[in-house]
Amino acid sequence: MKEKNPDLLDYLTWRGDLTFRQSPFNEIDAAILSQLSYLNLSDILSDSFKDKKSIYLVNELFRSHKEFKNRCFIGQMINPKAVDLLNACAHSERFDEVIVSGYKQIIDYEKVEQFGALSFSFGKHTCIVFEGTDDSFLGWKEDCYMALNEPIASHSSAMEYFEQAAKVNHGDFILIGHSKGGNVALKLAASCSKKLQKRIFAVYDFDGPGFPLAFFRTEGFKEIEPKLKTYYPQFSLVGMIFDQQKDYHIVKSSDPGPMQHDPFTWYVLGTKFIYEQDFTKESKFWKETVNDWAAKMSSDEKRKVFDTLFDVAWAGEAKTFTELNNNKLKCANLIFSAYTKLSKEEKQNLFDFVNIIKDVAKANLPLLEIFGTGKISDILKDKLKLKDEE
C-alpha cells in the first residue's frame with residue numbers, strides 16, 4: 001500500500017489561514033500555482049491581463065461550468081487533485097486576495113507547440129505560471145524537440161506573454177513552471193531584457209528539463225541564477241534531461257517510480273518540502289543514457305526519430321493519450337498499419353529510442369503505450385513479431 005504523504009492540499013489545511021503578509025510566498029505556494037495551470041479555464045478567463053477575476057470567482061465559474069465533469073479529468077499524467085486544489089485555494093484566507101488573469105492557450109501543429117500560461121496577482125507580486133506538458137501527443141512532441149538544441153516554440157510564446165504582462169502589471173514578477181513549464185520559465189528569465197530581468201523577484205522550476213552546458217555560461221543565466229529555485233524528485237526523469245544548474249533541492253516522494261514527477265507525491269513540512277541527499281540510481285542511469293543517446297545523434301537524426309514516432313502515433317487517429325487509451329483496439333490496428341510502412345532503419349531508430357525509456361521507467365508511461373510495455377503494445381506485440389519475420 002502506497003504511503004500517504006502530507007501534500008499540497010494538507011499544506012492549505014495547515015496554513016491556509018495565514019495571508020501572504022503574515023507568512024511570505026514560499027516554494028509550496030509556487031508548487032500549488034504550478035498545478036493550477038493545468039486546469040481548463042477556457043470560457044472562464046480570457047487572455048487579457050485587464051480581464052481580472054478573483055480566485056474565488058474562477059473556482060465558482062469552473063465548478064458550475066457545463067463541462068465541469070469532463071474538465072475534472074485533466075489527462076493520463078496530470079493529477080486530478082488540481083481541481084480540489086483550486087477549490088481549497090478559493091476558500092482559504094491565504095489565496096483570498098489573489099486575482100487571476102491572462103489565460104493563454106496555444107495549440108499549433110505546424111509550429112509543434114503546446115503552450116499555456118496564467119497569471120496570479122497579489123500585493124506587489126504577479127506570478128506567471130507556465131503550463132507543463134498536457135495530455136496531447138503534440139505536447140510530448142514539443143518536449144522531444146528540446147533535444148534538438150534549439151529553442152522550442154513555447155519559448156517564443158513565453159517571451160511575448162511576459163512582455164505583454166509587464167506592460168499591464170506593476171510591481172515584480174515570479175516565474176513558475178512544472179515539467180516543460182519549468183524549462184520555459186528558466187529560459188525566459190535568462191533570455192529576456194535586462195530591464196525585465198530586474199523585475200523578476202524569483203524563478204521556480206519544478207522538475208523541468210535542463211539545458212546544454214553552454215546555457216549556464218551565458219550572461220543572462222548568471223544574472224538570474226541567484227533568483228532561481230529548482231526542485232527535483234529523487235526519481236527524476238524529465239528533470240534529468242540535459243544538464244542542470246549547480247544548486248537545487250532533491251525532494252522526497254511517496255511514489256516509488258516515474259510518477260514522482262507529480263508534485264502531489266512530494267512530502268510537505270510547513271513551508272518547505274522534505275529534502276533528500278541524492279537521486280536514485282535509476283535516475284542517474286537515465287540521465288547518463290538519454291544524454292549519451294542525444295549526444296551521439298545529429299539534430300536532423302533526432303528530428304527524424306521524433307517525427308517518425310509521432311507520425312505513427314497520430315496514425316491511430318488519437319490526439320491525446322486519453323483517446324488512445326479509450327480506443328485501444330482501433331488505434332492499435334491503425335498504428336500497426338503505419339508501422340509496417342516504415343523502413344527497417346526507421347523501425348530500428350524508433351525502438352532504440354523507446355527502449356531507453358523502457359530500461360529505466362519499467363512502468364506504463366504514455367510513450368510506452370504506443371510501442372513499449374503498455375496495453376497498446378500488448379495488442380500489437382504478436383502482429384509486429386509476425387510482420388518482422390516475413
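Me: Is Asp43 buried or exposed?

Reply: Relative accessible area decides: buried means under 20%, exposed over 50%, partly exposed in between, with a 1.4 Å probe and protein chains only. Asp43 has a relative accessible area of 70%, so Asp43 is exposed. This is a predicted model, where local features need pLDDT of at least 70 and side-chain atom pairs count only at pLDDT 80 or more, while totals for chains, interfaces and linings use all residues. Residues are numbered from 1 along each chain as its sequence is written, and side-chain values use heavy atoms, leaving out hydrogens and water.

Me: Which residue forms a salt bridge with Asp43?

Reply: A salt bridge needs a side-chain nitrogen of Lys or Arg within 4 Å of a carboxyl oxygen of Asp or Glu. For Asp43 the partner is Arg71, with the closest N and O atoms 3.6 Å apart. Asp43 lies in the loop between helix 2 and strand 1, and Arg71 in helix 4 (residues 68–71), so the pair ties together parts that are 28 residues apart in sequence. Arg71 counts as buried, at 9% relative accessibility. Helices (H or I, at least four residues) and strands (E, at least two) are DSSP runs, numbered from the N terminus.

Me: How many salt bridges does a search of the whole structure find?

Reply: The search finds 12. One of them joins the side chains of Arg94 and Asp29 at 2.8 Å, N to O. That pair links distant parts of the chain, 65 residues apart: Arg94 is in the loop between helix 5 (81–90) and strand 2, and Asp29 is in helix 2 (residues 27–36). Arg94 counts as buried at 2% relative accessibility. Asp29 is buried too, at 0%.

Me: Where do Asp292 and Lys296 sit?

Reply: Both are in helix 11 (residues 281–296), 4 residues apart, which means a separation of about one helical turn. Asp292 is partly exposed at 37%. Lys296 counts as exposed at 64%.

Me: Which residues form the negative surface patch?

Reply: Patch residues have over 30% relative accessible area and no salt bridge; like charges are joined within 9 Å, and nonpolar side chains (Val, Leu, Ile, Met, Phe, Trp, Tyr) within 5 Å. Here the negative patch holds Asp300, Glu301, Glu345 and Glu346. Helix 12 (299–314) and helix 15 (344–361) each supply at least two of its residues. Glu301 is found in helix 12. Glu301 counts as partly exposed, at 40% relative accessibility.

Me: How do strand 2 and strand 3 pair?

Reply: Two strands pair if DSSP finds at least two bridges between them. Strand 2 and strand 3 (residues 113–122) run antiparallel over 8 bridges. They form a hairpin with 4 residues between them, and Val112 in the turn has a positive phi of about 60 degrees. Strand 1 (residues 53–54) joins strand 2 (residues 99–108) by 2 bridges, also antiparallel. Ile99 of strand 2 is the bridge partner of Ser54. In strand 3, the bridge partner of Ile99 is Ser121.

Me: Which faces of strand 5 are covered?

Reply: In a regular strand, side chains alternate between the two faces of the sheet. In strand 5 both faces are covered: Asp172, Ile174, Ile176 and His178 are buried on one side, Phe173, Leu175 and Gly177 on the other. For strand 5 (residues 172–178), that is 7 of its 7 residues buried. Strand 4 (residues 125–130) runs parallel to strand 5, joined by 6 bridges. Phe130 stands opposite Gly177. Strand 6 (residues 200–206) also pairs with strand 5 in the parallel sense, over 6 bridges. There, Ile176 stands opposite Tyr204.

Technical notes. Areas by Shrake-Rupley, 256 points an atom, 1.4 Å probe, with all protein chains shown as cover. Lys, Arg positive; Asp, Glu negative; His and termini not counted. Charge placed at Lys NZ, Arg CZ, Asp CG, Glu CD.
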